[in-house]
Amino acid sequence: MALILTYLHVISATVYAILGAVVLRLDARSWQNRILFLLLSLFSIWSVGYGVVSNPHVSRETAILFDNIAAIGWIGFPGLFFTFALFFTGRKRAVIASLAGIFIVQLLLLLSQWRGSLITGYALYWHGWMGRFQGPAALYYLCYLTLCTSAGFFLMAVYRQTVRDKIRKRQASFILVFGLIPFGLGTFFNIIARQMGLFWIPPMADVVILIWAAGITYAVNRYQFLGITTTVAADSIVSALGDALFIFSPRGAITFANSAALDLLGFSREGIEGQRFQDLVVSDFSQAAVIRDIDRYIGRSGQEALLRAKSGKEISVSIMVSEMSDYGYLCVARDISVQKNIRKELKRANELLEQKVTARTVELVAANKTLEEKVIQGKKADEERQKLESQLFQSQKLESIGQLAGGISHDFNNFLAAISGFADLIRRDKAEANERAARYAEKIVDVAGKASAMIGNLLTFARKSPVEMVVVDLHQILTDSVEILKHTLEKNITIETTYLAQNPFMLGDRVQLQNSFINLAVNARDAMIGGGMLSFETSEVALDQEFARSKSYAVVAGSYLNLTVRDTGTGMDKQTKARIFEPFFTTKEKGKGTGLGLSSVYGVVKSHGGYIEVESTLGQGTAFQIYFPSVTGSMDAQTGPAANAAVQALSGTVMVVDDEGHVHDICGEVLAELGCSVVYAANGAEAVETYRSMKGGIDLVLLDMMMPVMDGHECFRRLKEIDPAIRALIVSGYSRSEEINQTLKDGALGFVQKPFTISGLADAIGSVLKKKGAVLK
């Protein structure tokens, strides 16, 4: 039997929870429903506590604990019921005024209960544990309970007598009828029986009050089923209105529509009362959103909306919504279709007039603009012509400078060839007889070599050299680059070189590498506005798998030359450092940089199979780390013979083809010293005729490339037609160009750069005469 009581309390708690959820779901925005939800929640807590207390199998301590939990419900509900009564009867200001006092009383009573001074003397009975109300706290609670419940019922009774609304009157009656009896029985079960010592009667107040809770929930939220219909009350008032009128519940169910509303939408009275208001509103939002956002229409006249008629036609209306307390909403809708059509016609006529005025204005403005544009176009044409003329002049000037530089360089190399050659002859002849003359001659040869290097740099800037991957000395390229930089960079910039690599050789293009190093130096100079230190340092490193794993790019393991280019400039931030190798990215002012310098450096390094990294901190300078694959060996072609190396005697007939007489002279001297016979030709055409007339009598041709009448390339082609087995060496003041490379591919056996040394020329001639088909690198 005791377990049945436990189950009964638990069932009551569940029902209270369900009723609370129903109340909140019906209309969570209503304060009346919110208060009712809290009241039902207190009853649920009360029943849960008593479900445990009524179980005789729990311990006394557990029973006291859950009696204290249940106290939240039976102490809290009288004050909350009084608050509900104030709110229901329209005394909202009194609600705010009484809340603080009610809360303080409830808090004091809860503290008394939890301290064991309200219900004491717990004893076990067949229906569970039972305590006795004792002490002043119990008297305070009885007064609080009696005062709050009596006041609440009194307010309901007075409200029932004074309210004119039949619906509210019925609701008040329902709350009184369903409340007085359960409250009376509950007071007997839980308080009077205890005080009289009738402990065999179980505490069942929370169960009997369930009757009142279900009744009040039904009365407040489902009053339309009490036999009261809004149609009868409203139809007599609004049937004659010309505007459509709707009454719908908080959830959107239409409970009334007047005759104008029926005529507007084409529904019958029975048909429209089965509709939901949100289904009639044409909206881009969901149907639920229409009701959720209904507040934007409340109390605002002139709000436009579209209603969908039964036929599917969309009707423009102006609506205003009023909230009817907890009953729902009253909506008045006025058909404004005619007014909207009139407004559309007026707007269309106004737009047509504006279009005509605008068109005429446009015509006048266009005529004025046409005249202005003709003047502007004339000015732009003059400016464009001047700009094109300037660009053409600049292009022609650069082209002329390039041609001039190339021609001057070629002529200078011819002069240097004679100077260097004759000085070399003097040095050889006077080496033993006149040591002083030999030393002066050696100085002349040395200066001629330096002059030749400068002319080589000028040729590099005067034309585009083809890529030629050969074994080069990185140290030598750096040294040559530094020599150029010493003449171009400001004097307040100090240049240092530290060569730690024992094997400085690599495969590369000398011109591209030198230009890249100069680009890096120029960028460093721009970063060192007030001067600073620029350093080049080399070393040998072995890049292994561990190094490769630490990098974000692919690395081929092997031996590398590491070049570090470091400056003490302004440095870079992270954003700039991340983009420096992007084409056209520059931090320089407009007109002071193309943004291609470092991107070209990156391309050269990659084309050489290398890697480049940058380390920089703002205000602390920048360091570029470059890795080039190294090769073993040396540069035999660049390691010239000893100054006084002996020249081995040869024999044969050599034709010297050059338009410069002093080149004839020096070549004649060298060839005579070698023991060769010499034939001269001043241009390509003369050389062809001479070779044809002496067919079989010429063993070697020394061929210049730049000559009047017929150049060297065409001359070699004609000579090869005469004798496919012809042996020729190219001797030119130009660096290796595409034309020279093509001549070598066509069969020329080698290339000698002017100015040359006697030993260098002798070696080249000897290698061809002694070994047929030899090619000089």
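Buried means under 20% relative accessible area, exposed over 50%, and partly exposed in between, with a 1.4 Å probe and protein chains only. The model is predicted: local features need pLDDT of at least 70, side-chain atom pairs count only at pLDDT 80 or more, and totals for chains, interfaces and linings use all residues. Residues are numbered from 1 along each chain as its sequence is written, and side-chain values use heavy atoms, with hydrogens and water left out.

**View A. Cys143 and Cys715.** Cys143 is partly exposed, at a relative accessible area of 46%. Cys715 is buried, at 0%. The structure holds 0 disulfides (pairs of cysteine sulfur atoms within 2.5 Å).

View B. Asp67 belongs to helix H3, residues 60-88; helices (H or I, at least four residues) and strands (E, at least two) are DSSP runs, numbered from the N terminus. With a relative accessible area of 2%, Asp67 is buried. Leaving aside residues up to four places away in sequence, Asp67 touches Tyr50, Val53, Trp74, Gln113, Ile119 and Tyr122, where contact means heavy atoms within 4.5 Å.

**View C. Phe81 with Phe153.** The whole structure has 9 aromatic pairs. Rings of Phe, Tyr and Trp (its six-membered ring) pair if their centres lie within 6.5 Å; planes under 30 degrees apart count as stacked, over 60 as edge-to-face and the rest as tilted. Phe81 and Phe153 form a tilted pair, 5.1 Å centre to centre with 50° between the planes. Because Phe81 lies in helix H3 and Phe153 in helix H5 (residues 135-162), the pair ties together parts that are 72 residues apart in sequence. Both Phe81 and Phe153 are buried.
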